[in-house]
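The exercises below are meant to be worked through with the sequence and the model side by side.

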Amino acid sequence: MKNKTFKIALLMAFVAGFFISCDEEETVSNYLEYPSDAFVAFEKSGVTMAESGGTVTIVAQYGSTSASTDKSFSFTTSSADAVEGVDYEIVDNRTSFDFAAGTHINSIDVNIINNFDVDGDRTIVFTIENGGFPGQAAINSTYTLTIQDDDCPFTLAELGAANWSGTDNAPSGQGPNASQVTTSFDGTNLLMEGIGYGWLTNPAYWDEVVTNSNPVVAQIDTFGNVTIANQYLCTTTWLGNTQPDYYIEATGAYAACSETMVITFDLIQNGSVTTSLTETITIN
């Protein structure tokens, strides 16, 4: 009986030892999937990109004496002030760097989203989860993308109080003409006066005299887009004779950081467009 009990105990010990041995073998085998000198790292430690800069390509490198099988390394992102989907997006929702057999370079693309808000610089840190594994600690196992805020604040009151200078794009023989644009603010709206007057009053070409001038309402949204709905602009005389009233319709854009406004407009008389021009004006 004792003999039989001993044999059973011996058999059980052998089976347990077999499984322990298999587990150890599997652990060693997993480790040896990577050569001892292998590493993965970002090509550089980071970059600073303007918010309106578009797309950033982030490159990772896999180094080893052997790259005969596919390798994939996950990465994570962290940020205290940037939100994915609001400030940036990773193209194709990539979550790893994937190296095909025989290749040592892989990359992801990150689209920067221009939110047109004055909200300061933001940073995103990309971390390769297995950075440096299983070789020595890799240089550049993290990559810092700094999104530089390139938006500038402005108010309609500030634009209304500004002094402007610039020219239109009238062709040779008609201009170009110095802008006569002035602005004001009525507490609600930005008012613009004098759009197109350089062309209208050019003594070498159209040669009219403005006898009644109307400040037109210019709508400017938070992105700097300018819209001037069709409205009465002015009345003129030519050779002393009163001419049909002029109306204006325009679109444009205000670039707050450069303090430059571009207005593309139609001057309308008797229901027809008399001329279409663009004036580019800058705050003095």
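**Exercise 1. Determine what share of the contacts in the protein chain joins residues 24 or more positions apart, and describe the fold elements and burial.**

Step 1. Among contacts in the protein chain with a separation of 6 or more, 61% are made by residues 24 or more positions apart.
Step 2. The secondary structure of this predicted model comes to three helices and 19 strands.
Step 3. Of the 284 residues in the protein chain, 35% count as buried.

**Exercise 2. Find the disulfide, describe its geometry, and explain which parts of the chain it ties together.**

Step 1. Taking sulfur atoms within 2.5 Å as the criterion, the count comes to one disulfide.
Step 2. This disulfide joins C152 to C257, with an S to S distance of 2.0 Å, and with 105° about the S-S bond the link is right-handed.
Step 3. Because C152 lies in the loop between β9 (142–148) and α2 (156–161), while C257 lies in the loop between β17 (246–255) and β18 (260–269), the pair ties together parts that are 105 residues apart in sequence.
Step 4. C152 counts as partly exposed because its relative accessibility is 29%, and C257, at 46%, is likewise partly exposed; C234, by contrast, is buried at 0% relative accessibility, the cut-off for buried being under 20%.

**Exercise 3. Characterise the largest pocket by its volume and its lining.**

Step 1. The volume of the largest pocket is about 300 Å³.
Step 2. Sorted by class, the lining has ten nonpolar, five polar and three charged residues.

**Exercise 4. Place S74 in the fold and identify the residues it touches.**

Step 1. S74 belongs to strand β4, which covers residues 71–78.
Step 2. With a relative accessible area of 33%, S74 is partly exposed.
Step 3. Leaving aside residues up to four places away in sequence, S74 touches T95, S96, T127, I128 and E129.
Step 4. For one of these, T127, the separation from S74 is 53 residues in sequence, and the C-alpha to C-alpha distance is 8.5 Å.

Terms used:
Residues numbered from 1 in each chain as written. Predicted model: local features only at pLDDT ≥ 70, side-chain atom pairs only at ≥ 80, totals over all residues. Heavy atoms only, no water. Helix = DSSP H or I, 4+ residues; strand = E, 2+ residues; numbered from the N terminus. Buried < 20%, exposed > 50% of the residue type's maximum accessible area, 1.4 Å probe, protein only. 1 Å grid on protein atoms, 1.4 Å probe; cavity = no way out; pocket = protein on both sides within 12 Å on 5 of 7 lines; lining within 4 Å. Points joined across faces, edges and corners; volume = space filled by probe spheres on them. Nonpolar A, V, L, I, M, F, W, Y, C, P; charged D, E, K, R; others polar. Contact = heavy atoms within 4.5 Å.
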